[in-house]
Amino acid sequence: MEPAQDFIVTTAPIPPTVDDLAAALDALRARVPLVQSLTNVVSANFLTNVLLAAGASNAHIDNVHEAAGFARIAGGVLINLGTPDDGTAAAFTLAAEAARDAGTPWVLDPVGVGGLPWRTGLAADLLPFRPTAIRGNASEVIALAGLGGDTRGVDSSDDPAAAVPAALALLAHADAVSASGPVDHLVGRDAAGATTGLRIGGGSALLPRVTSTGCALGALAAAYLAVAPTALIGLAAAHAHVAVAAEIADGNATGPGSFAVAFLDALYSVNADVLRVRARVEPLDIPAQA
Amino acid sequence: MEPAQDFIVTTAPIPPTVDDLAAALDALRARVPLVQSLTNVVSANFLTNVLLAAGASNAHIDNVHEAAGFARIAGGVLINLGTPDDGTAAAFTLAAEAARDAGTPWVLDPVGVGGLPWRTGLAADLLPFRPTAIRGNASEVIALAGLGGDTRGVDSSDDPAAAVPAALALLAHADAVSASGPVDHLVGRDAAGATTGLRIGGGSALLPRVTSTGCALGALAAAYLAVAPTALIGLAAAHAHVAVAAEIADGNATGPGSFAVAFLDALYSVNADVLRVRARVEPLDIPAQA
Amino acid sequence: MEPAQDFIVTTAPIPPTVDDLAAALDALRARVPLVQSLTNVVSANFLTNVLLAAGASNAHIDNVHEAAGFARIAGGVLINLGTPDDGTAAAFTLAAEAARDAGTPWVLDPVGVGGLPWRTGLAADLLPFRPTAIRGNASEVIALAGLGGDTRGVDSSDDPAAAVPAALALLAHADAVSASGPVDHLVGRDAAGATTGLRIGGGSALLPRVTSTGCALGALAAAYLAVAPTALIGLAAAHAHVAVAAEIADGNATGPGSFAVAFLDALYSVNADVLRVRARVEPLDIPAQA
């Protein structure tokens, strides 16, 4: 449902609570949503294992013959720009269009957008199909916002807080947007359509030492979008699930190899009670002009 | 060798024994067969690690320039339909044709057949090249049998027992067929050409929580076909090796991450003696009309 | 800088020392070089995790639209012939040409060259772009040297010592060349341009039981080339880092699964002090005619 952009909100926006995220986790486990991933070859295996461990399932279908048809029946779709070629790029468009037409929630992960011109153009072409959620690092979110008519351009900053204005600008194209980092920053809308946001801490310093953890977060967001009442709750539940699991794994790891193993185990073991106790979620102050 | 289909078998069919499977494992370790995999991007790494851990080796060669030539010299070939595109689909045909012509045993893993129309057509085009063995889940085996002129069509059942009639129908196209699940069901022919089958239990509830374990089973079947006296013995040895390793790994795991690690270790440590003691193999009652 | 091939060296060649390799490791950790990988789908994930664990980073960019542009700005480039198709093969050429023109160091890993004719031709076409380093197994190095006008042809020997003459011949095309095996053999030039070499021991019998460890070594070489004073020092630092980490991992593993995990942890934990104590490096006697 498109929120009315010109409606004057007279009550305070209501950000998702930890209980909302815990309920989403319960729904994920109960419904085991099927994700369709169109993702890069580096992340394909790990991302699928993350979905299976967390409680969802995955079909990696990125050929032009099947991408659209499957996007109509999948629970959620991930389009990740990590290693595109001409064939998968064509499949991205077909899947995004079909997802929009069928009402399938989909996530855009703009890997490398900004620094790499070809895929930056691919991302620009995908935005009109209105992703349900966008997840990137700070630089990617800032670069992608530039595509949307904004003139901020590319910023190589690694600080997700610096990406909040860009994330807010991207709400013209998506229902929820997140910038990942030491503390993840998320923006979206509450049930009444008011702009709100969250900061989600936790995680581990070893998380960026394991490839595809960010890509897997995008995939998990696609799974949660299939079961959550709003895009922001779904996106936030994925972030919180990953952050809590990473924090648990950090205590069981001696390096990036053992961390990745413990992370999958923790994604599997975390339940709604654990999430409620350990998730580090707080409302994000949205700048007044937003 | 094609069994005479119209020959009246007057002695009882002789299903493979655990000793047959243990002998195949010894042969695998002694000969280290080289598999050629044409497989999906999700499974490519894990599947190769499974082969190396079990005692075989792998070359992932799925381009149109080299697929046929290598299929003539490989010990066994795996064609897995998990993530086809136009290029790899063309390579599938070239490899299947070359394998048939050269007498190289090959395995067809019909991932997603039935639910996805394009690859269902690819599978139909591959059957005339007569796979040595077919391995899928119950739904895929039932769907693939529909392609063979049977009218059972697609069945989304997860119960491998329900796929036995489809597996038997597929023996018109292959020498052995298996449907994976909590208890794997396999059919094929004994040395005299009589239809027989096995049920293989064991495994772990964590096995479906790790991606590509089914694909890896298909690859391991291709390795065993290179060293086993019959297709059914080769296929069954792969199933038993995986089931025993998964059962061992289950006792050493706290979740899907640690399970995958322990599974590779167990594939490596299982030997013929362990297989003889732990494999849960029993004859399958074949319906009278088969 | 091209060494003068016809210059008569009057002082003894100076092979890299362990202190040179330890200094390269310190430089790697300080500078975190960004590798561009054009590699096979089997190795893409593991190779990236190896780079992240060791202290570098990776972008897998192998499409024809972006391969050249990124090769101009990357710290080092890996071109690995493991699973080429027409698209990635075209990207190999673009990346190699751009790397040469921009002065970006690049590594050629000739996976399967010799046994597979199409990719053997690809490797021949890449040699004129002058790789900074070449890393392969003994058979691949011998086969690749045959391409360079040498008539040794393909030798299936697994003994890296047998590949030393081929590696020396390849110094007409590259600044450093290594053949991996139980004891790695490396040749290259000292700061004065004199041909020298190293033998590097250590490792683990489990290393060849984990796929993509050789590919990851090539990628790590590309990272070290970005920070090392000579190609031979960079290539040798990668070999020593891997060999020491594998030896440590061997002591913490019960099979190939746990070995791979412990290997990533050890790549992360090994520092210059550990390398100095544990690296098994000794000068290689170069045949007189070299």
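1. A salt bridge is counted here when a side-chain nitrogen of Lys or Arg lies within 4 Å of a carboxyl oxygen of Asp or Glu. By that rule, a search of the whole structure finds 30 salt bridges over all chains. One of them joins the side chains of A:Arg189 and A:Asp175, at 3.5 Å from N to O. This pair links distant parts of the chain, 14 residues apart, with A:Arg189 in strand 7 (residues 184-189) of chain A and A:Asp175 in the loop between helix 7 (164-170) and strand 6 (176-180) of chain A. The helices (H or I, at least four residues) and strands (E, at least two) are DSSP runs numbered from the N terminus.

2. On the basis of the values: this is a predicted model, in which local features need pLDDT of at least 70 and side-chain atom pairs count only at pLDDT 80 or more, while totals for chains, interfaces and linings use all residues. Residues are numbered from 1 along each chain as its sequence is written, chains are lettered from A and ligands numbered from 1 in the order in which they are written, and side-chain values use heavy atoms, with hydrogens and water left out.

3. The copies use different surfaces, since 11% of the contact residues of chain C recur in chain A, where contact means heavy atoms within 4.5 Å.

4. Chain A can likewise be laid on chain B, again with an RMSD of 0.0 Å, by a turn of 120° and a shift of 0.0 Å along the axis. Of the residues of chain A, A:Val41 comes closest to the rotation axis, with its C-alpha at 3.6 Å.

5. The contact between chain A and chain B takes 18 residues from chain A and 23 residues from chain B. These chains bury about 1800 Å² between them, 60% of it on carbon and sulfur atoms; buried area is the accessible area (1.4 Å probe) that two parts lose on being put together, summed over both. In chain A, the residues that lose the most area to chain B are A:Glu66, A:Asp265 and A:Tyr268, together 29% of what that side buries. A:Glu66 also forms a salt bridge with B:Arg119, their closest N and O atoms being 2.6 Å apart, and the count between chain A and chain B is 1 salt bridge.

6. Chain C and chain A bury about 1800 Å² between them, with 60% of it on carbon and sulfur atoms. Across this interface the rule finds 1 salt bridge, and the side chains of A:Arg119 and C:Glu66 meet in a salt bridge at 2.6 Å, N to O.

7. How many cavities does a search of the whole structure find at 30 Å³ or more? There are 4. A cavity is a set of points, on a 1 Å grid over the protein atoms alone, where a 1.4 Å probe fits but cannot get out, and lining residues have an atom within 4 Å of a point. The largest cavity has a volume of about 600 Å³, and among the 31 residues that line it, the closest to its centre are A:Asn45, A:Val261, B:Asn45, B:Val261 and C:Asn45.

8. The second largest cavity has a volume of about 50 Å³. Its lining consists of A:Val41, A:Val42, A:Asn45, B:Val41, B:Val42, B:Asn45, C:Val41, C:Val42 and C:Asn45.

Notes
On a 1 Å grid over the protein atoms alone, a cavity is a set of points where a 1.4 Å probe fits but cannot get out, and a pocket is an open set with protein on both sides within 12 Å along at least five of seven lines; lining residues have an atom within 4 Å of a point. Grid points are joined across faces, edges and corners, and a volume is the space filled by probe spheres set on the points. Copies are superposed by least squares on the C-alpha atoms of residues with pLDDT of at least 70 in both.
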